[in-house]
Amino acid sequence: MPDIPLGVLDLVPVSSGSTATEALHHSIDLARHAERLGYARYWFAEHHLNPGVAGTSPAVVLALTAAATSTIRLGSGAVQLGHRTALSTVEEFGLIDALHPGRLDLGLGRSGGRPPGESATAPAEPPAPGRAPNGLLIPPPFSYTHLLGSPRVALQRKLLLLPNAEPQDYAEQIDDILALLAGTYRSPEGVEAHVVPGEGADIDVWILGSSGGTSAEVAGARGLRFAANYHVSPATVLEAVDGYRSFFKPSVFLDRPYVSVSADVVVAEDDATARELATGYGLWVRSIRTAEGAIPYPTPDQARAHAWSEEDRALVQDRVDTRFVGSPGRVADQLEQLQEATGADELLITTITHGHADRVRSYELLAQEWRRRGHLSGVSGHEPATSGAAQAHAR
């Protein structure tokens, strides 16, 4: 197997008994470790109204992390375009690139107030659950429709969506961002717009998607990089990567499809220790899927104290079953299986434990094992067909 770069996806989790301030310091510290260990990129997610997640603004946290690191690529996983305009997005990332040029990944996602992972247009026929040909677990699809009437989801939508704004087509938003970066933006009336800083920035644009629908089509048709979510929507990961590749057209950005696939991972020196560190995960996922908002990440004892109902277990089963937990060798085997099943060019690792030192150690053990297997000889993971592609892009 050739080099398969590893990246980090960080939600900036707040552990029980801790604070958002501590979580932010821990994330910046983890980014320094990831850079030292040879991880190719470090991405921050965007979540709102969650007591246990402090990553509300990827651009802000990226700016802080860029100042604390020097070589690792930094990015968003993802900026939710339903919450901001194309102009504000390019301006934010342009400001960071002006001081830290050539290091940014602009990961873009769709959000119109829908629950996480819920596609606006569901696939006509959901993929059959079971296993991929190489044995990778593909669980039954999980539906978020039970959250659509949630008062908390409605409040989040009200607070996040731009007031009095006409909803813009997602593909149009992406096109606007690409044009603003390239300096080719024109209004329907022919008026030019030039973003300073931002125009001409050497930023790689990624599209994140959980299915083979709109996001996969937008990414493929424009020849952009695509990140699929096994850790959020394991049931549809194969559909997502296949859809993206089927839509792909060579562009100034890429001459072939380029895919990253995410995985939830906990690594320790042995399987038993890793399972203990992973104990809080199910309760944490339950809090998200019941629309409570992510709770502060519990200790193993706090998680064991929860009285689980069958309904609770059904809410989290797909996520728990598809989390890779164990010794370095066991987890690396599972990641190789994920890479083989999806054909991923790289993997994006998200690890949450209650203790910061355990989290750092998990990433360290994984990097050591991945390098031992010959997958991590380089640290770049930055493979555009044309450097500074956004500068050459015209639409």
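**Salt bridges and burial in a predicted model**

Glu364 is buried, at a relative accessible area of 19%. Buried means under 20% relative accessible area, exposed over 50%, and partly exposed in between, with a 1.4 Å probe and protein chains only. This is a predicted model, in which local features need pLDDT of at least 70 and side-chain atom pairs count only at pLDDT 80 or more, while totals for chains, interfaces and linings use all residues. Residues are numbered from 1 along each chain as its sequence is written, and side-chain values use heavy atoms, with hydrogens and water left out.

**The pair in helix H13**

- Glu364 forms a salt bridge with Arg361. The closest N and O atoms are 2.8 Å apart.
- A salt bridge here is a side-chain nitrogen of Lys or Arg within 4 Å of a carboxyl oxygen of Asp or Glu.
- Both Glu364 and Arg361 sit in helix H13 (residues 356–372). They are three residues apart, about one turn of the helix.
- Helices (H or I, at least four residues) and strands (E, at least two) are DSSP runs, numbered from the N terminus.
- Arg361 is partly exposed, with a relative accessible area of 30%.

**Arg73 and Asp204**

- The side chains of Arg73 and Asp204 meet in a salt bridge at 3.6 Å, N to O.
- Arg73 lies in strand S3 (residues 73–76) and Asp204 in strand S8 (residues 204–209), so the pair ties together parts that are 131 residues apart in sequence.
- Arg73 is buried, at 5% relative accessible area. Asp204 is buried as well, at 7%.

**Asp318 and Arg289**

- A salt bridge connects Asp318 and Arg289, with the closest N and O atoms 2.5 Å apart.
- This pair links distant parts of the chain, 29 residues apart. Asp318 is in helix H11 (residues 310–321), and Arg289 is in helix H9 (residues 281–289).
- Asp318 is buried, with a relative accessible area of 8%. Arg289 counts as buried at 1% relative accessibility.

- Gln173 belongs to helix H5 (residues 170–182).
- Gln173 is buried, at a relative accessible area of 9%.
- Leaving aside residues up to four places away in sequence, Gln173 touches Leu81, Arg84, Ala86 and Gln168. Contact means heavy atoms within 4.5 Å.
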